[in-house]
Amino acid sequence: MEILQTICQLIVGLGILNVWLLRFKKKTPYRGGEASDIKEEFSVYGLPDSSVWVVGAIKISAALALLIGIALPLLVLPAAIVLAILMLGAIIMHVKVKDPAMKSLPAAGVLVLTLLLIYIQLSA
């Protein structure tokens with residue numbers, strides 16, 4: 001289980017950092033509505049501009065906590081819970097704007113991985 005947990009932490013942590021630090025201003029097929037970057041995507045969802053920075057800071061912090069959690073395991077459960085909640089929110093936002101299901105796939109995948117991390121942590 002330890003190897004599975006580490007793999008999940010790496011996939012989720014590096015994936016979140018990729019989206020928020022490297023792909024922040026890039027168009028992807030998964031952005032809500034017709035948004036070309038994260039700021040536009042939050043606007044599509046009807047969220048205030050400030051929410052981009054709040055959500056981004058929380059996601060980046062939780063992603064870093066998952067990565068640091070490889071060496072300091074007590075960080076894994078709270079980080080996974082926070083990201084699971086945010087991913088559920090992301091899926092709800094896609095549904096709210098009537099996006100095709102495919103646009104929710106990355107959030108759904110991260111949700112599954114974070115739920116798996118939560119399960120592993122609570123089973124230990």
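This is a predicted model: local features need pLDDT of at least 70, side-chain atom pairs count only at pLDDT 80 or more; totals for chains, interfaces and linings use all residues.
A residue counts as buried when its relative accessible area is under 20%, as exposed when over 50%, and as partly exposed in between (1.4 Å probe, protein chains only).

Residues are numbered from 1 along each chain as its sequence is written, and side-chain values use heavy atoms, leaving out hydrogens and water.

## How the rings pair up

Rings of Phe, Tyr and Trp (its six-membered ring) pair if their centres lie within 6.5 Å; planes under 30 degrees apart are stacked, over 60 edge-to-face, and the rest tilted. That rule gives three aromatic pairs. W20 and F24 have ring centres 5.9 Å apart and planes at 55°, so they make a tilted pair. For W20 and F42, the centres are 6.0 Å apart and the planes sit at 85°, so this pair is edge-to-face.

The W20–F42 pair links distant parts of the chain, 22 residues apart: W20 is in helix 1 (residues 2-22) and F42 in helix 2 (residues 38-44). Helices here are DSSP runs (H or I, at least four residues), numbered from the N terminus. Ring pairs join W20, F24, F42 and W53 into a cluster.

## The nonpolar core

A nonpolar core is a set of buried Ala, Val, Leu, Ile, Met, Phe, Trp, Tyr and Cys residues joined through side-chain atoms within 4.5 Å. The largest one has 29 residues, and V12, I16, W20 and L66 have the most contacts inside it. Helix 4 (76-96) is among the elements giving it two or more residues, and helix 4 supplies the largest share, eight residues.
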